[in-house]
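Hi,

Here is the structure I promised to pass on. Have a look at it first, then read my notes below.

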Amino acid sequence: MKSIPDGFLFDYLIIDEASQLELMPGILALGCAKNVIIVGDTKQLPHIPDKNISRGEMGIEPCFDYVDNSILHSILKVYENKIPVTMLKEHYRCHPMIIKFCNEQYYDGQLIPLTKYDEVEDSSIILIKTVKGNHMRFQGGRHNIRELDSLEEATIKEKVFPHDYDDIGFIAPYRAQIKAANCYMREEVIKDTVHKFQGRECDGIIFSTVLDDKGGEKDIEFVDSATLINVAISRAKKRFVLVSAVDIFKRSNKEISELIRYMEYYTEASLYHESQVISVFDLLYKEFSEVLIQRENKLRDSDSKHKSERIIASLLRDILKEEAYKKIQFRREYRLKDLFNDTSHLNKEEQKFVKTVARFDFLLYYKMGNEPAGVIEVDGIAYHHSDDQVRRDKLKDSILKKSGIPFIRLKTNESGEAERIKGMLNCILKTNELKNH
C-alpha cells in the first residue's frame with residue numbers, strides 16, 4: 001500500500017490464493033482498484049486466523065466474521081449470485097492419474113486434465129505403509145521419524161527420489177515434522193508444511209501424515225481433512241508419495257481411506273508398499289511387528305531396569321556371537337571414573353564430571369587385554385529431552401571424542417540399530433587392524 005500515491009486507483013487488482021488471504025488486508029486491498037479479479041478455491045486450505053482476536057460486538061454479520069471467512073469466502077457470501085463466477089476447469093499441472101483423484105473426490109469430475117506425457121509414468125501414486133508401533137512423538141511438536149526412515153528403504157528409495165526429477169518436495173501437516181526432515185533428509189529436497197506449500201508445485205511430492213494410534217480426534221480432524229488432502233496431492237506434477245500409518249486413517253474412513261481405495265482400484269498406476277523398516281525399540285510399545293517377537297523372548301530382566309537397555313543388551317549378545325565380531329565383548333553401566341585414570345586431556349568441567357557417578361550405558365572392549373573399543377548410549381526421547389540430560393550427554397560426547405573412543409547414540413524413536421552397531425564395530429576393527437600393521 002505504501003508504494004502507491006494517495007488516492008491512486010489501479011484499473012485492475014488480481015488477488016491470487018484468495019482462500020488463504022485474511023479478511024482485513026483483503027478489504028484494504030479492494031480500496032485501491034476500480035475492478036478486482038479474485039482467484040481462489042474454496043476446496044483448498046483456508047486462512048489460519050488468530051482466534052484470540054476479538055470479533056467485536058455480538059451480532060456481527062456472518063459474512064464479515066474474521067475467523068470464519070477469508071476474503072474469498074466473504075466475497076462469495078456478500079454477493080452470492082450477483083457477481084460472475086467462473087470455474088477454471090483446464091488443468092495443466094498434475095499427471096492425469098494424480099489429478100483424477102482430486103477431480104473425482106472434490107470437483108465432481110468438472111476438471112479437464114490437459115497434462116500429457118509421451119510415456120505414462122509408472123506408479124504415479126505411491127503409498128508407503130509404516131510398520132506397526134507408536135512412532136509419533138510430541139516433544140517439540142508432533143513428528144514421526146519412522147516415516148522419514150521408511151523413505152530411505154532400499155526397495156523403494158529410487159521411486160521416492162527419482163534422479164530425473166528437477167525438484168522433490170516434502171510436506172507434512174506439522175511444523176515439527178518439517179524440522180525433523182531438515183535434520184534427517186537430504187538437503188536438496190524442498191521441505192515445508194502443506195499450508196505453506198499451497199500455490200507451489202514439484203515434480204515429486206512426498207506427504208508425511210505423521211499420526212499413529214496416539215493421535216486424537218482433533219489430530220485426525222486436522223490431518224485427514226478434505227482441503228488439506230486436496231492441496232497435498234495436487235502439489236505433485238509427476239509423482240505423489242504418501243507415507244503413513246495406514247490403519248488409523250482407514251478407521252477414520254475419510255479422505256486418506258478414499259485415496260487408498262483409489263490406489264487399490266487403479267493398481268497399474270499405483271504402488272502400495274509395506275515398509276520393512278523396524279526398530280528393536282518398537283518392543284517398548286503395545287503394538288509391534290511380528291518380526292520382533294523372537295527378540296522379545298530374548299530379553300533379560302537382569303540386564304537393566306530400563307526395557308530400552310535390555311533390548312540393546314539382547315541385540316548386542318546376538319551381534320557379538322557373529323564370527324566377525326567375536327573379539328569384542330560388552331559391559332553394562334560402566335563408570336566413567338573406572339575408564340579414565342588420566343584426565344589431563346580434559347577441561348575442568350569434564351574432569352569434574354568424570355569423578356561423579358556418571359556411567360556409560362554400554363562399554364565395548366576387546367576380550368584379550370580389556371582395551372576399550374567403543375561406547376553405546378541409549379537415548380530415551382522423553383528423558384533425553386531435558387536440559388540437564390542434554391548437558392550431561394554433551395559432556396560424555398566431548399570426553400569420548402577427546403579420548404579417541406568411538407561411540408554411537410541410539411535414539412528410541414529411530415531405527416536400524418543392528419546396522420548402526422555393526423557399522424561402528426566394522427570401523428573399530430578396521431582401524432585397529434591398520435594400526436597394528
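**What I found**

In helix α9, the buried residues are L228, I229, N230, V231, A232 and I233. "Buried" is under 20% relative accessible area, "exposed" is over 50%, and "partly exposed" is in between (1.4 Å probe, protein chains only). Helices (H or I, at least four residues) and strands (E, at least two) are DSSP runs, numbered from the N terminus. α9 covers residues 226-233 and is mostly covered, with 6 of its 8 residues buried.

Some ground rules before you go on: this is a predicted model, where local features need pLDDT of at least 70, side-chain atom pairs count only at pLDDT 80 or more, and totals for chains, interfaces and linings use all residues. Residues are numbered from 1 along each chain as its sequence is written, and side-chain values use heavy atoms, with hydrogens and water left out.

**Strand β10 and the cores**

Strand β10 (residues 202-208) is mostly covered too: 7 of its 7 residues are buried. Two strands count as paired if DSSP finds at least two bridges between them. β10 runs parallel to β8 (residues 168-172), with 4 bridges joining them, and G169 has I205 as its bridge partner in β10. β10 also pairs with β11 (residues 236-244) in the parallel sense, over 6 bridges. There, C202 stands opposite A236.

Now for the inside. A nonpolar core is a set of buried Ala, Val, Leu, Ile, Met, Phe, Trp, Tyr and Cys residues joined through side-chain atoms within 4.5 Å. The largest one has 61 residues, and L151, F170, I206, F207 and F240 touch the most other members. Helix α3 (residues 96-106) gives the largest share of this core, 6 residues. A second, separate core has 28 residues, among them A313, L316, Y366 and I408.

Contact means heavy atoms within 4.5 Å. Leaving aside neighbours within four places in sequence, I206 is in contact with residues including L151, F170 and V241.

**Salt bridges**

Side chains of opposite charge can pair when their charged atoms come close. I counted a salt bridge when a side-chain nitrogen of Lys or Arg is within 4 Å of a carboxyl oxygen of Asp or Glu, and by this rule there are 34.

- E201 and K237 meet at 3.9 Å, N to O. E201 is in the loop between α7 (194-197) and β10, and K237 is in β11, so the pair ties together parts that are 36 residues apart in sequence. E201 counts as partly exposed because its relative accessibility is 36%.
- R251 and D213 pair up as well, their closest N and O atoms being 2.4 Å apart. R251 is in helix α10 (residues 246-252) and D213 in the loop between β10 and α8 (217-223), so this pair joins parts 38 residues apart in sequence. R251 counts as exposed, because its relative accessibility is 56%.
- D338 and R335 form a salt bridge at 2.9 Å, N to O. Elsewhere, salt bridges that share partners join E377, D379, D393, K396, D397 and R409 into one network.

**One spot on the surface**

M24, I27, I60, F64, L76, V78, Y79, I83 and V85 make a nonpolar surface patch of about 730 Å². Patches use residues with over 30% relative accessible area and no salt bridge: like charges are joined within 9 Å, nonpolar side chains (Val, Leu, Ile, Met, Phe, Trp, Tyr) within 5 Å. Areas come from the Shrake-Rupley method with a 1.4 Å probe, and for residues only the protein chains shown count as cover. α2 gives the largest share of the patch, 3 residues.

Cheers
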